[in-house]
Amino acid sequence: MSGYMGFVGVSTAQSSIMNVFPIWAEILGLPTRTLIGHDLPVDATPQEYRRLVEAIRDDPDHRGALVTTHKMGLYAAASDLFDSLDEFSTLCGEISSISKHDGRLIGHAKDPITAGLALGEFLPADHFGRTRAHAVCLGAGGAGTALTWNLAERDDAPELIVVTDTSRERLDHLRGVHERRGTPGGLIRYVLAANPADTRDVFAAAPQGSLIVNASGLGKDRPGSPVPDGTWFPEQSYVWEFNYRGTLEFLGQARAQETASDLVVVDGWRYFIHGWSQVIAEVFGVRLTEELVARLSEAALASR
């Protein structure tokens, strides 16, 4: 056994992966069973990001890392320290996977792949074409960027994707990502949620069967929900909470309406499974199969 893997987040000790990683390492035959958390505040400075990336790069025992909350901040502050970045990373302006191969520091943005894998497990492949439903993404940060990228790439793309955020800067960044990608004009609507009425109006305009996603980080890194209390979800919607741990207020709101509004409510557990397995595979050069991911998922359930 040699070296260790890193986990860049806000409160890494609370994540299930700390218990799951050694079990997965045994299943995958990894050279280490050790996962080290690198906690940074939500408002980390560029200097903190650069020091961390330099420490990972210069430590021969550090095999690489998964990045959660800090994907966009780390890219903005330290992307120049990487020898190679994938297309998703450069276009989306985020890094979720740090790996080291042949002396080179490599960054990937795995979230668009992760979002597609998790979404495909509960949303029918023909859902948007069959129902003409829309997608509502609450949050224009790294998770929202990944989700909207994946939705725009679908053969069965929604007619309209509405993205809300409290930050004009994040919305403008996301708009720039999709302009560089060549996303068809009019597919995505960007809404500044300056007050609760803005979000209520978005929900009221969404057709039944819409996909409603909390990609804001609220309910995990900070308490709260992007949805004002008393707001009704569109009937027969698929409601997806990206988080699986935390205060999870958004998830509670959806579950309170699950029966009355005939909702399909999904938490972030499968997103967690796919997200970590994709990055571990990149860091250690593992080839994932459906059977192998199923084994990893089953092994992780005991730690949930």
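**Sheet and cavity**

Tutor: Six strands make up an open sheet with parallel pairing, in the order E9-E8-E7-E10-E11-E12. Strands are DSSP runs of E, at least two residues, and helices runs of H or I, at least four, numbered from the N terminus; two strands pair if DSSP finds at least two bridges between them. This is a predicted model, where local features need pLDDT of at least 70, side-chain atom pairs count only at pLDDT 80 or more, and totals for chains, interfaces and linings use all residues. Residues are numbered from 1 along each chain as its sequence is written, and side-chain values use heavy atoms, without hydrogens and water.

Student: Which strands stand at the edges, and why is one side of each left without a neighbour?

Tutor: Strand E9 (188–192) and strand E12 (264–266), because each has a single partner strand.

Student: Over how many bridges do E10 and E11 pair?

Tutor: Strand E10 (residues 211–214) and strand E11 (residues 238–241) pair over four bridges, in the parallel sense. Asparagine 214 has glutamate 241 in E11 as its bridge partner.

Student: Changing topic, how many cavities of 30 Å³ or more does the search find?

Tutor: One, in a search of the whole structure. A cavity is a set of points on a 1 Å grid over the protein atoms alone where a 1.4 Å probe fits but cannot get out; lining residues have an atom within 4 Å of a point. Grid points are joined across faces, edges and corners, and volume is the space filled by probe spheres set on the points.

Student: What lines the largest cavity?

Tutor: Its lining includes Phe7, Lys220, Asp221 and Arg245. The largest cavity has a volume of about 30 Å³.

Note on methods. On a 1 Å grid over the protein atoms alone, a cavity is a set of points where a 1.4 Å probe fits but cannot get out, and a pocket is an open set with protein on both sides within 12 Å along at least five of seven lines; lining residues have an atom within 4 Å of a point.
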